[in-house]
Amino acid sequence: MNLRSQSDSLDNPSARRLCPVCCFIVPPSVLKAYSRDPAIDPATRKSLQDTYVETERLRGLREAHRIATLRDPQRFVAELAPHVPVQHLYDCNHRKNLPGKPVATPTAGFKTAFDTTAKVVEFYKTVLGRNSVDNKGFDLVSSLHYDRKYDNAFWDGRQMVYGDGDGKLFTEMYLSPDVIGHELTHGVTQNESALRYEGESGALNESISDVFGVVFNQWLNQWAVTEAKGWLVGAGIMASAAQHKGFTCLRDMVQPSAKHCLSPQPERYSQIDPTADVHVNSGVPNKAFATFARSVGGQAWTSAIKVWYGTCTNRQLRSDATFAEFAALTVASANKVGGASLAAKCKGAWQEVEVSLAALDA
Amino acid sequence: MSTSADAAGGAAIQTVRIQRRGGLAGLPASVELHYAALSVTQRAAVDKVAAAGATRGSPAPSAGADRFSFRVELVHASGDTRVIDMPEDAMPASLAGLAKPALP
């Protein structure tokens, strides 16, 4: 075990906010043994001892919760304090078995994935008032080094999974903060509207992940809506061969069809192919959001993202929603968040991408 | 030339086309291979796919989001083509890695 690495992560403020005790899965017996090891410096021993004590306290709480739920589930649910999401990191070691093996000695890559995931949780909590993907403190599982040269990251319905890329087109998928925000947001969508992963609802599902992913990245870097790089999806995962050919991102929400996009997208509703992959047609709602946020100005996380979040959590958003239906709900949400002037800007953004105004008016 | 009789098609398989779509990047990828040029493992995987019985359409996708999906086309000596759609979880690993995206 690399105690220095462990201690560094435990000292990380964002890690503490997310989970003060269970930063990585370390068996209590190991924590206890190291906390008594005279070969380890006193400060680290104290940190390990504190972690051990807190871990045991949490275990006790969870057991009490389990027993109380069995005895009187209604009463206990009503009194249950909000659960703080705990992160669990796993190493697939280039295999495809999920979740892989628990990580006891986090390398730099695991620390990056952990810290960025913690920041996504913080973004959702502080900006949108949401407690993890289910708003109930769902524990977050991330598996790294999935398969060999795997050019992808995905949400499998329960956890996030990251490949290392092939080193030519893509590098490690967790290196782009917006990608982690994108995958975690799939968990949010699954728990809210459960938009079906096909057709226009599938493209909306993808767009929502892109939107929250990039706005998380803007928030993380304190970029205003005028910062062009704040609208790029996957800028941090482009490897040398892709960069050499001039590709700076997977997608650009301001210019979805631009030449610097490795995966160019349609920008207007009249350009979409109904049979295309959901990651292609998402360019239309992506551009609508970018246009809206840029027309509002300032920082996208102050009001624009709240309009989209209000839409995504609206019970009226059906799992088979069309672009027009989603657009109508965003306009209603904008009216709630910022009144008629914000709603007009939202409507104008959808008009720019040619999403049916008749449906909006209806 | 080594060929395989597709249980559903009857005639020998000569060419295998694999198309990949989806994934976070949404980059399409495809490859066309002669069945005879495949390794023993890959041939066995093709035979397994052919025997699975799935055909063109919308198979139950792998759970979650940003997963890959695959379309395998088996071109027979007779000229007939059989199209099989596969979710990522069901696609044999020895075939999944063959379709790689190329830079435009």
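1. In this predicted model, the sulfur of A:Cys261 has its closest cysteine sulfur in A:Cys249, at 4.0 Å, which is too far for a bond.

2. Confidence deserves a comment before the interface is read. The average pLDDT of chain A is 87, and 77% of its residues score at least 70. Residues 1-24 of chain A, however, have a pLDDT below 50, although this stretch makes 57 contacts in the model beyond near neighbours in sequence.

3. Turning to the interface, chain A contributes 31 residues to the contact and chain B contributes 17. The two chains bury about 2,000 Å² between them, with 57% of that area on carbon and sulfur atoms. On the side of chain B, the residues that lose the most area to chain A are B:Leu24, B:Asp66 and B:Leu103, which together account for 33% of what that side buries.

4. As for composition, the side of chain B that touches chain A is made up of nine nonpolar residues, four polar residues and four charged residues. Across the interface of chain B and chain A, the rule finds zero salt bridges, whereas 13 residue pairs are found in polar contact, with both residues of each pair at pLDDT 80 or more.

Definitions and conventions: Residues numbered from 1 in each chain as written. Chains lettered and ligands numbered in written order. Predicted model: local features only at pLDDT ≥ 70, side-chain atom pairs only at ≥ 80, totals over all residues. Heavy atoms only, no water. pLDDT = per-residue confidence, 0-100. Contact = heavy atoms within 4.5 Å. Buried area = accessible area lost by both parts, 1.4 Å probe. Salt bridge = Lys/Arg side-chain N within 4 Å of Asp/Glu carboxyl O. Polar contact = N/O pair within 3.5 Å; in protein donor to acceptor, adjacent residues only side chain to side chain. Nonpolar A, V, L, I, M, F, W, Y, C, P; charged D, E, K, R; others polar. Disulfide = S-S within 2.5 Å.
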